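Subject: Structure handover

Hello,

The structure we discussed is below. Please look through it alongside the notes that follow.

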Amino acid sequence: MAEYLQSYAEALQERLEPFPEDEMWDSTDPENDGEDSNSEGYRSESSFEDDFHFPSYEFLGSVRFRKGYSIPSLNYSRMIALSFNLPQVVGHSLVGEEIFTLFLDQPCTSISTDTLISAISAVLGADPLSLTLLSEGVPLEPDQMLGDALNAIAVRQRLDTGPPVLVCERRSHNSPETLLGRPCHVDVNLNYFPGPGIATIQAIPETREFVTRDRFDSWMIYTKLEVLQYQRPSEKRCRRDLLKPRGFFPRAPAWSLPDGCQRWGHGADVWSATFALPNIKRLMDAHAECTADRPIPRYQMIIDPNQFVRHTEEGPVWVPCEFDVDSCGRAQLVGGTRSHQHPDLARQVALPILEASLPLLAKLRRPQLLLDRRRLQAVFKAQRIILPPKVGEDHESEYIGMWHVDGHREDVVAVALYYYHVDSALEGGDMEFCGREPLDVLAIADAGHNASSFDKASLKKALVDNKIRCRVPICEGTLLVFSNHQLVHRVLRMINKSGSEASRDFVALFILNPASTPLVPSRCALAKQQMLTRTLRPSGLPPENIQAILALAGILPTEEYAKELRNVLLSEQLKPTGEFVGRQQNVHATGNGCVTMVGWLHHMLQESQPPSWDYPRDFSPGWKHFRALNRAPGKLGRGISEVFSKGSSDLSSSEAPSLAHTILDCKDCGLFCTFFSKQSKGRNFCPTSHDPFSLFVVSERLTLE
């Protein structure tokens with residue numbers, strides 16, 4: 001149990017994979033290796049004599065590959081010993097831990113190597129090409145029959161660990177001013193990093209290609225507010241890197257993936273599977289009927305984290321549950337009756353969904369999670385999205401989402417969504433994802449000339465053809481897991497085709513970043529309340545009186561106050577989190593050049609935007625299409641691709657996230673209504689007391705799906 005509670009930094013240092021000795025490079029700090037910092041190899045970044053001099057191919061727009069210093073390689077495999085007790089075949093690790101069990105319906109004398117490999121790959125959810133069958137250490141031929149010699153059969157599995165994730169620390173003496181090509185300097189915000197000497201920074205070495213085809217060996221660092229990217233220095237300059245690699249992130253547990261598990265997109269941390277968990281619908285429907293909590297007519301909050309918060313200096317934050325995850329991928333809910341406001345639902349709903357999600361969470365790399373033998377914090381939420389009935393052939397009730405990331409004051413690193421009910425009358429509603437990595441750095445004048453190459457065709461190739469974005473169809477039983485640090489997401493247009501109300505119901509688990517400071521969990525937040533409740537219970541007071549006493553003592557918020565605070569948080573969370581836009585405050589160029597980094601920008605980073613950030617509209621033919629990525633698609637079944645079906649004359653260069661709602665305190669029903677009627681020409685009204693046949697578009701964000 002001690003290692004479950006060990007600090008993240010200590011656990012990471014103990015478990016990280018050191019670099020192979022024969023693949024180490026000299027990464028000694030100059031102040032520690034006795035060399036003069038002014039000697040060859042340690043010249044300042046302003047020196048023109050090193051590999052970052054100023055030939056024309058170093059400018060942005062030269063379409064030349066900038067190579068960084070090499071990184072040690074890492075290949076993982078594991079051995080699985082097979083024991084045969086036909087028709088049962090059991091696979092064990094070398095320490096005797098059972099990995100899988102399968103059943104064969106034919107004698108071994110008629111089973112070929114290929115047949116057994118196919119059966120094992122199905123139960124492991126692994127690529128058959130990653131498996132090799134061995135007999136006494138010798139690989140068997142694909143068409144070779146097993147025969148009767150079954151005593152020394154084993155399987156070697158080559159593990160697909162995804163891109164290498166390096167554990168780094170920040171060098172104390174190096175400047176946060178980094179490069180993307182010689183003329184472009186990227187200022188890295190050191191507030192995202194721990195102090196020097198603390199090796200907890202995850203960095204992925206990757207060759208990234210911009211929309212305008214500039215390619216760099218880069219460091220990719222995924223954080224709550226933004227994805228940091230800068231050019232990895234050359235071999236000669238490796239000791240001037242801002243980061244010092246210390247080893248590889250610990251190997252992810254090889255938990256068996258569920259049948260039908262699928263990864264979506266190219267390089268996107270999005271995984272899905274289909275599960276039948278019938279008890280969840282029964283439990284959630286019963287709880288929803290008891291609470292009947294509809295803060296706005298389109299949303300029924302079944303488990304609302306906005307009503308279970310803790311006040312901090314920054315404002316209210318969600319209170320998480322805690323789960324202990326063992327090495328076999330089993331989870332245990334921590335806290336007993338204090339595990340959540342609704343502990344029975346946390347145990348019967350959140351726990352099985354988390355356990356089903358663990359193999360998919362173990363696949364995430366941007367960033368990677370330290371899961372096994374650790375205590376994990378997750379915020380539990382359940383919600384019902386309700387679409388009113390269709391009111392005519394030309395008027396459909398619809399729901400459209402906005403691009404967003406989950407969490408506000410909380411550092412949500414990953415999300416697991418389980419859809420336990422999807423009404424058959426609903427059509428559309430796919431979940432669309434797009435990477436938060438910088439799409440390009442556009443330069444003009446002395447900095448380069450690639451701004452003119454940022455056009456519709458190149459942007460379409462990067463986003464659609466190269467699958468920087470992806471979309472996932474949602475049906476009943478879908479389990480969806482994705483990285484919240486890498487991706488923004490939205491719900492595409494969903495309509496109700498029937499003449500009666502229809503809904504899509506889901507449970508969300510917001511996985512909090514283990515590398516961040518843990519939040520106060522429910523077992524602590526509820527401790528005082530439960531202690532006083534136990535003290536008062538022997539007095540014979542009815543439960544409602546005990547609740548009133550706790551509320552008067554300020555220990556338990558009243559139901560009215562909790563809902564008022566929830567409405568405030570909901571109105572705050574319904575505001576846009578960011579947009580696809582240009583950004584200048586973190587990049588600059590030497591000389592008279594001008595550069596702008598373009599991509600998704602979180603609204604918390606927009607406060608210092610200079611007035612000239614939108615200058616690429618005058619130089620970049622694709623600027624209108626880039627800004628139009630903020631638009632909600634107008635047609636059913638369309639996502640980002642709809643933008644590229646339009647001409648420039650149909651778009652605006654100042655396109656911003658369009659608010660499909662106006663937040664107001666309704667005088668008629670006391671609810672925060674977030675509706676805009678297509679038929680009312682912009683009038684704000686409450687559908688519970690006016691025009692019940694109006695059509696609504698609801699923008700969802702943060703705590704919404």
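A polar atom of the D326 side chain lies 3.0 Å from the backbone nitrogen of C328. The backbone nitrogen of R330 is 2.8 Å from a polar atom of that side chain. (A polar contact is a pair of N or O atoms within 3.5 Å; within protein, one must be able to donate a hydrogen and the other to accept it, and residues adjacent in sequence count only if both atoms are side-chain atoms.) D326 sits in the loop between β20 (321-325) and β21 (331-333). D326 counts as buried because its relative accessibility is 18%. (Buried means under 20% relative accessible area, exposed over 50%, partly exposed in between, with a 1.4 Å probe and protein chains only.) Leaving out residues up to four places away in sequence, D326 touches Y4, W255, D372 and R373. (Contact means heavy atoms within 4.5 Å.)

Before you go further: this is a predicted model, local features need pLDDT of at least 70, side-chain atom pairs count only at pLDDT 80 or more, and totals for chains, interfaces and linings use all residues. Residues are numbered from 1 along each chain as its sequence is written, and side-chain values use heavy atoms, with hydrogens and water left out.

Next, the sheets. (Strands are DSSP E runs of at least two residues and helices are H or I runs of at least four, numbered from the N terminus; two strands pair if DSSP finds at least two bridges between them.)

β3 (residues 88-92) runs antiparallel to β4, and 5 bridges join them. V89 has L102 in β4 as its bridge partner.

Another open sheet has 3 strands, ordered β27-β35-β33, again with antiparallel pairing. β27 (440-444) and β33 (578-583) each have a single partner strand, so one side of each is left without a neighbour in the sheet. Neighbouring strands here are turned by 20° against each other on average, direction ignored. β27 pairs with β35 (residues 594-602) over 5 bridges, in the antiparallel sense. L442 has T596 in β35 as its bridge partner.

β12 (residues 215-222) and β13 form a hairpin with 4 residues between them. They pair antiparallel over 5 bridges. I221 is bridged to L228 in β13. In β13 (residues 227-231), 5 of the 5 residues are buried, so the strand is largely enclosed by the rest of the structure. Both of its faces are covered: V227, Q229 and Q231 lie on one side, L228 and Y230 on the other.

Finally, two helix pairs. (Axes are lines fitted to C-alpha atoms, for helices over the stretch in contact, and angles run from 0 to 180 degrees between N-to-C directions.)

α4 (residues 278-291) packs on α5 (residues 343-361) at about 135°, with the axes 10 Å apart. The two are therefore oblique to each other. (Under 35 degrees counts as roughly parallel, over 145 as roughly antiparallel, 65 to 115 as roughly perpendicular and the rest as oblique.) I280, L283, M284 and H287 in α4 meet L345, Q348, V349 and I353 in α5.

α8 (residues 527-536) and α9 (residues 543-552) pack at about 130°, their axes 11 Å apart. This pair is therefore oblique too. Q529, L532, T533 and L536 of α8 make the contact with I546, I549 and L550 of α9.

Best wishes
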